[in-house]
Structure formats: C-alpha cells, structure tokens
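This report describes selected features of a structural model, beginning with the surroundings of its ligand. The sequence and structure are shown first.

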Amino acid sequence: MSETATHVASGKVREIYALDDERLLLVTSDRISTFDVVLPTEIPDKGRVLTGLSAFWFAQTQSIVPNHLLALRADGRSTECRRLEMLPIECVVRGYLAGSGWKDYVASGEVCGHRLPAGLVESDRLPEPIFTPATKAQTGHDENIDRAAAIALVGESRYDEAERVTLDLYRYISERAAARGIILADTKLEFGVDETGKLVLADEAFTPDSSRFWPADEYKPGGPQPSFDKQFVRDYCESLGWGKTYPGPELPAQVVDGTRARYVEAFERLTEIPFDEYLADPEIVLG
Ligand code: PZK
C-alpha cells in the first residue's frame, strides 16, 4: 500500500483499512470458505476476480444507484471507496428458492413475511423476485427479518428506497447473467448513506461470494443446485467425509486449478473482458 492505512475490520476473506477520514481500502484475499469454514488452501486470483467483477457491476449500474467505488489499485484486489454510514440490514433479493429462503418456506410457507405459493420445490424460480432483508450478525448467521423488523432498524422511507433499488439491480443483473448462461439465484447487497443523505451501494456486489451463481445449463429444480464456482471444492470436501467444522482440509492442486478456472470463467462470461487484460490494467472494467 502506498499510503499509511489503519486496519479497521476483518471479514472471513477480506480486510478493511482506513486511508483517511473519508476513504477506506477494501482488500479481497484469495481465501475460500465452504460450509462456513475458511480453508487452509488459497485459490490464486480469486480475490482479483471478485474485486474486478464487483467493480464492473458498480460501473454498469451507476445510472440505477450511486456506489462507493473511487478507484481500483494496480494489484487488482484493492478497492478505494468512500466511507459511508452503513445501513444495519443486509439487503437480500431472491429470484429462486435456496438456502435459508428454502428452509423458511418449508417451515412456514413464507420468507420474510412474503407468502409464497404452495407446492414449490427446492431451487424453484419464484413467481417474482422478493426482497428478504436480514440482520447483520456479528458472529454466526444473519437472521431473516420481515418488513416491520427492518423498518424498525432503518425507517420506512429508507426501507422502501433500499427495497426498490435492490429489486431494480437484481432485475438488471440477473437478466445480463442469464444471457451469459448464469442464473443469479439470489444476492446480498449492502448500502450506506453519504454525507448528503443519499443511498449508496457499498461492499462487494454481484460476486459469487455474495450471490448464488448457478450454471443455467445444469439447472434442475427439486434439490440443491451445483455452485458455478465452488462445486469442485464442495464435492472434494464431501468425498473426504470431513465434519464441516474447523479446521478444513487442504485442497489438492487439481481442485485448486479447476476452481480458479471457474472463477475466471465467471469473470470472463459476465464482463466479456479477458481476465489477462484485467490483470494488466484493473481499471479496464470501469469502462
Ligand atoms: C464497511 N463492511 C463490511 C467487514 C470487509 C467488509 N464504504 C463503506 N463505508 C463504511 N463502512 C463500510 C464500507 C464498505 N464497503 C463494510 N464493514 C464496513 C466488511 C469486514 C471486512 F471487507
């Protein structure tokens, strides 16, 4: 890093540093997690794929909502961004029934207060995308909440704005992804508010770490779908009979190489930019 940066927060696979009062540096590592455990083996360039893809979508969606991105660093994994007042909810949108949405539907017929048709099966496409906010758990899992609980946290007008923007973004990106053979089953967005009170898209957006990407040509509702990026890792871990608790297993070279290739393929399919060109000049994704 060229400037003095103070570490302010760690995620499972990312770090945040403060550059000054107005700017943060978000650094995405090559670490990978599966079944909620970070593995000891890294996937080379995974952090660059996620950083580049997120920046690409920030640039493509500027006319829908402003975002926090200021610059991409030459390392391809570091984003300089505006420091915002973050909303205390995760803004999740689901177009398909998977993960906690499927679990909640099986238990109650509802997801975050949205009553869904009877008889849906796991991974079914929903009649229309639904906004399903969640709390931000400091440890453990985010908890799905309904409209009233989310309004208690952010206020009604901000809730309505975040819901509308989240659904608009999902409709736009899921259509672009579908045209490239990738189903965006669901995605989690984080918003902040700037010094003028404007809603701003932050964090990472529309990456395989913040979304479920499914290969469209293998889509078969009625069970869980293969993950576009992590399926080799999951299959390998299942083959070991690992108990899915810390520590996770080392990955063999063929699993690492196959997984890296899937991340790069997702980047290239969605951006239509050769990944080599991104490595040579990351800001190429900003158009
Ligand atoms: C912010 N996080 C999540 C935690 C990570 C990411 N633009 C912003 N302004 C203020 N705060 C944040 C952001 C962004 N993005 C995001 N926490 C704070 C998080 C840990 C590691 F990489």
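In this model, a backbone N or O atom of Leu 84 lies 2.9 Å from a nitrogen atom of the ligand. The model is predicted: local features need pLDDT of at least 70, side-chain atom pairs count only at pLDDT 80 or more, and totals for chains, interfaces and linings use all residues. Residues are numbered from 1 along each chain as its sequence is written, and side-chain values use heavy atoms, with hydrogens and water left out.

**Ligand surroundings**

Around the ligand there are 15 residues, of which Arg 14, His 68, Arg 82, Leu 84 and Asp 203 come nearest; a residue is near a molecule if one of its heavy atoms lies within 4 Å of it.

| Residue | Distance from a backbone N or O (polar) atom to a ligand nitrogen atom |
|---|---|
| Asp 203 | 3.1 Å |

Asp 203 belongs to the loop between strand 15 (199-202) and strand 16 (211-215). Its side chain makes a polar contact of 3.3 Å with that of Arg 14; such a contact is a pair of N or O atoms within 3.5 Å, where within protein one must be able to donate a hydrogen and the other to accept it, and residues adjacent in sequence count only if both atoms are side-chain atoms. Not counting residues up to four places away in sequence, Asp 203 touches Arg 14, Leu 26, Ser 54, Phe 58, His 68 and Glu 190, contact meaning heavy atoms within 4.5 Å.

**Sheet and helix**

An open sheet of 5 strands has the order 1-2-3-7-6 and antiparallel pairing. Its edge strands, strand 1 (6-10) and strand 6 (69-72), each pair on one side only. Strands are DSSP runs of E with at least two residues, helices runs of H or I with at least four, numbered from the N terminus; two strands pair if DSSP finds at least two bridges between them. Strand 3 (residues 23-28) and strand 7 (residues 78-82) are joined by 5 bridges, and Val 27 stands opposite Ser 78 of strand 7.

Helix 1 (residues 46-60) lies across strand 3, strand 6 and strand 7. Of its 15 residues, 13 are buried, that is, under 20% relative accessible area (1.4 Å probe, protein chains only).

**Leu 126**

Leu 126 is found in strand 12 (residues 125-131) and counts as buried because its relative accessibility is 5%. Leu 126 and Gly 95 are 31 residues apart in sequence, yet 5.5 Å apart in space, C-alpha to C-alpha.

Definitions and conventions
Axes are lines fitted to C-alpha atoms, for helices over the stretch in contact, and angles run from 0 to 180 degrees between N-to-C directions. Buried means under 20% relative accessible area, exposed over 50%, partly exposed in between (1.4 Å probe, protein chains only).
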